Amino acid sequence: MHATADALEGLAAGRGLAVDRDARIVLRADGPVPGKVGLVSGGGSGHEPLHSGFVGPGMLDAACVGELFTSPVPWQITEATRRVEAGAGVLYIVKNHTGDVLNFSMAAELAADAGIAVETVVVRDDAALAGDHPGAGRRGIAATVLVEKIAGAAAERGLPLSEVAALARRVADGSRSLGVALPEKSGTEIEFGIGIHGEPGRRRIPVGPAADLVAQLLDPILADLECRRGTEVITFVNGLGGTRLSGLCLIYDEVAAVLARAEVRAVRSLVGSYVTSRGQSGCSVTLSKVDPDVLELWDAPVLTQALRWGRWSG
């Protein structure tokens, strides 16, 4: 038996989802929805509930699951594309990691050959890596959840592919994240600026008060986003899987204090372990700039295993 496929079937059981065990794809059981843009994302296992936990009304139509920390392959993505396409095209939401970008790009070419319109939005929110960093540049990490939620709401409203893609890019471009790995009980240093695949941080800093850590996380994010007095943001404190909710709430409390002093308005918040890294002890902080249109899409109903709010009437 294959543990990943077994886990996907357990995720789907009784939750309005379908699983293609051979292709390792999680799909909406009520899909494809006629006339709606299909949303497809995916990545390696080990980050759950990303992406499979976000399949459902108001968010993704399909998630492709790779091996541990390994991108899904093009044929998986192509099969998911075929299964969700309902006449309005398909949007790929892709984290900026080399394998993901390459394989989704290949799948987009195969979809185009089959006559399916595809647009791709690449999420590059990791503020630990400057835009001119050698290699692939900024990694895609926690802001992927926000992009998937807002694009999913736009697609549910029946917006055309070009508009759903434009909204997703706006959210991706207006989001920045920074992550830290917290030490074990006897540790004295924190890995600052980590990725979600066990990559080392950009530097190590001494263990200290939560307020000091949060200030170091937020200063580059606020600067990079050019947040000014009155800027409105969604604030997302994400656990990597090994940090208790109480610890994440402590971090959020410090985040709220820093934003209040900067007169940046945290108009919505999300706290929990949504983009994990095999149970690593640590967290990330994400800020995403919003306007009234984007905020309305964030508030729209969603019904997935990992995110659910509002009354779904679809």
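**Figure 1. A salt bridge joins the side chains of Glu119 and Arg169, with 3.0 Å from N to O.** In this predicted model, local features need pLDDT of at least 70 and side-chain atom pairs count only at pLDDT 80 or more, whereas totals for chains, interfaces and linings use all residues. Residues are numbered from 1 along each chain as its sequence is written, and side-chain values use heavy atoms, with hydrogens and water left out. A salt bridge here is a side-chain nitrogen of Lys or Arg within 4 Å of a carboxyl oxygen of Asp or Glu. The pair links distant parts of the chain, since Glu119 belongs to strand S6 (residues 118-123) and Arg169 to helix H5 (residues 161-173), 50 residues apart; helices (H or I, at least four residues) and strands (E, at least two) are DSSP runs, numbered from the N terminus. Glu119 counts as partly exposed because its relative accessibility is 24%, and Arg169 counts as partly exposed at 32%, where buried means under 20% relative accessible area, exposed over 50% and partly exposed in between (1.4 Å probe, protein chains only).

**Figure 2. The side chains of Lys36 and Asp61 form a salt bridge of 2.7 Å, N to O.** Lys36 sits in the loop between strand S2 (25-28) and strand S3 (38-45), and Asp61 in the loop between S3 and strand S4 (62-68), so the pair ties together parts that are 25 residues apart in sequence. Both Lys36 and Asp61 are buried, and they also take part in a network of salt bridges that links them with Arg28, Asp30 and Glu156.

**Figure 3. Lys95 and Asp100 meet through their side chains in a salt bridge of 3.5 Å, N to O.** Both Lys95 and Asp100 are buried. The structure as a whole holds 20 salt bridges.

**Figure 4. Ile234 lies in strand S10, which covers residues 232-239.** Ile234 counts as buried because its relative accessibility is 0%. Leaving aside residues up to four places away in sequence, Ile234 touches Leu146, Ile150, Arg268, Thr286, Leu287, Ser288, Val290 and Trp298, a contact being heavy atoms within 4.5 Å. The C-alpha atoms of Ile234 and Gly187, which are 47 residues apart along the chain, are separated by 32 Å.

The protein has eight helices and 14 strands, and its C-alpha trace spans about 55 × 45 × 40 Å along its principal axes. Buried residues make up 53% of the 314 residues.
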